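These are my notebook entries on a single structure.

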Amino acid sequence: MKEDSLANKVYIEVRKKILSSQLVGGARLVESAWAEKLAVSRVAVREAFMRLAGESLVEFGEKGGCFVKKMTVEDVKDIRELRELLEIGALKILFAKRDEEVIRDLELICSDFSDMVSKGYYGGACEADVRFHERIIEGTCNSRLIAIYKNSNIPLFHMKLGAILGQMEDYLDTEREHRAIVEALKTGDWDSAYATLVSHLDRGEQEALELV
């Protein structure tokens with residue numbers, strides 16, 4: 001495999017871990033450890049870290065080392081506003097389309113989330129949480145909206161899922177809210193879907209602010 005392809009492999013994996021809060025702000029990323037973990041060269045890892053730094057997901061320390069960038073209060077508030085604009089807009093489009101395949105996909109992701117939690121695979125649950133929101137965006141089939149969402153590198157807002165793996169109440173709230181959104185989409189209840197998503201984002205913002 002070419003070096004650029006290997007660097008992209010590292011980029012995708014580390015980005016996924018950061019956005020799902022499995023790698024929290026301030027965590028050190030060690031080149032040699034990632035090279036061994038993903039069976040790639042340190043050059044590939046270094047290229048991936050440089051790309052992630054360009055997207056403001058990681059930063060290099062003054063004395064060396066690469067670290068996951070910490071979120072500030074302003075970051076949390078900005079992300080909250082951006083998520084509401086993009087995800088509520090996307091949800092409106094989904095209601096207009098009422099695509100059964102998208103609804104089935106969202107239901108499967110909810111089941112994956114529940115299954116991961118029940119088995120104690122909290123990292124997988126975090127990733128399922130991210131996938132749920134990504135699928136809402138992807139379900140619009142609007143290439144510009146999808147590109148904006150992806151390029152914004154929007155992290156998991158329920159940071160307790162990644163930072164405090166024992167927070168079962170947060171897992172249960174997340175599953176309940178996700179399933180309520182899907183059920184509202186199935187039945188055409190826009191008011192319920194809107195209220196649940198806004199509440200979901202509000203709760204995530206408050207929890208994220210507690211950890212900043």
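Entry 1. I first examined helix α6 (residues 122-138) and helix α7 (residues 143-151), whose axes come within 9 Å and cross at roughly 155 degrees. Angles over 145 degrees count as roughly antiparallel, and α6 and α7 are therefore roughly antiparallel to each other. On the α6 side I listed H133, E134, I137 and E138, and on the α7 side L145, I146 and Y149, as the residues that make the contact. Sorted by class, the contact of α6 with α7 holds four nonpolar residues, one polar residue and two charged residues. I note for the record that this is a predicted model.

Entry 2. I then turned to the pairing of α6 with α4. The axes of α4 and α6 come within 8 Å, and I read a crossing angle of roughly 60 degrees. The two helices, α4 and α6, are therefore oblique to each other. I recorded their crossing as left-handed. From α4, the contact is made by R83, L86, E87, A90, L91 and L94, and from α6 by H133, I136 and I137. I sorted the residues of this contact of α4 with α6 into six nonpolar, one polar and two charged.

Entry 3. Next I looked up helix α2 (residues 31-38) and helix α3 (residues 42-54). Their axes come within 9 Å and cross at roughly 115 degrees. The crossing of α2 and α3 is right-handed. In α2, the residues E31, S32, W34 and A35 meet R42, V45, R46 and F49 of α3. The classes in the contact of α2 with α3 are four nonpolar, one polar and three charged residues.

Entry 4. Finally, I inspected the largest pocket. How much space lies in the largest pocket? I noted about 580 Å³. The pocket is lined by 25 residues, and those closest to its centre are K69, K70, M71, I79 and P155. I found that α1 (3-19) and α4 (73-97) are the elements that give two or more residues to the lining. Which element gives the largest share of the lining? I identified α4, which supplies four residues. By class, I counted 15 nonpolar, five polar and five charged residues in the lining of the largest pocket.

Entry 5. In review, I marked α4 for a second look. It contributes to the lining of the largest pocket, and α4 also makes a contact with α6.

Terms used:
Residues are numbered from 1 along each chain as its sequence is written. This is a predicted model: local features need pLDDT of at least 70, side-chain atom pairs count only at pLDDT 80 or more; totals for chains, interfaces and linings use all residues. Side-chain values use heavy atoms; hydrogens and water are left out. Axes are lines fitted to C-alpha atoms, for helices over the stretch in contact, and angles run from 0 to 180 degrees between N-to-C directions. A crossing is left-handed if the near helix is turned anticlockwise from the far one by less than a right angle, and right-handed if clockwise. Contact means heavy atoms within 4.5 Å. Ala, Val, Leu, Ile, Met, Phe, Trp, Tyr, Cys and Pro count as nonpolar, Asp, Glu, Lys and Arg as charged, and the others, Gly among them, as polar. On a 1 Å grid over the protein atoms alone, a cavity is a set of points where a 1.4 Å probe fits but cannot get out, and a pocket is an open set with protein on both sides within 12 Å along at least five of seven lines; lining residues have an atom within 4 Å of a point. Grid points are joined across faces, edges and corners, and a volume is the space filled by probe spheres set on the points. Angles under 35 degrees count as roughly parallel, over 145 as roughly antiparallel, 65 to 115 as roughly perpendicular and the rest as oblique.
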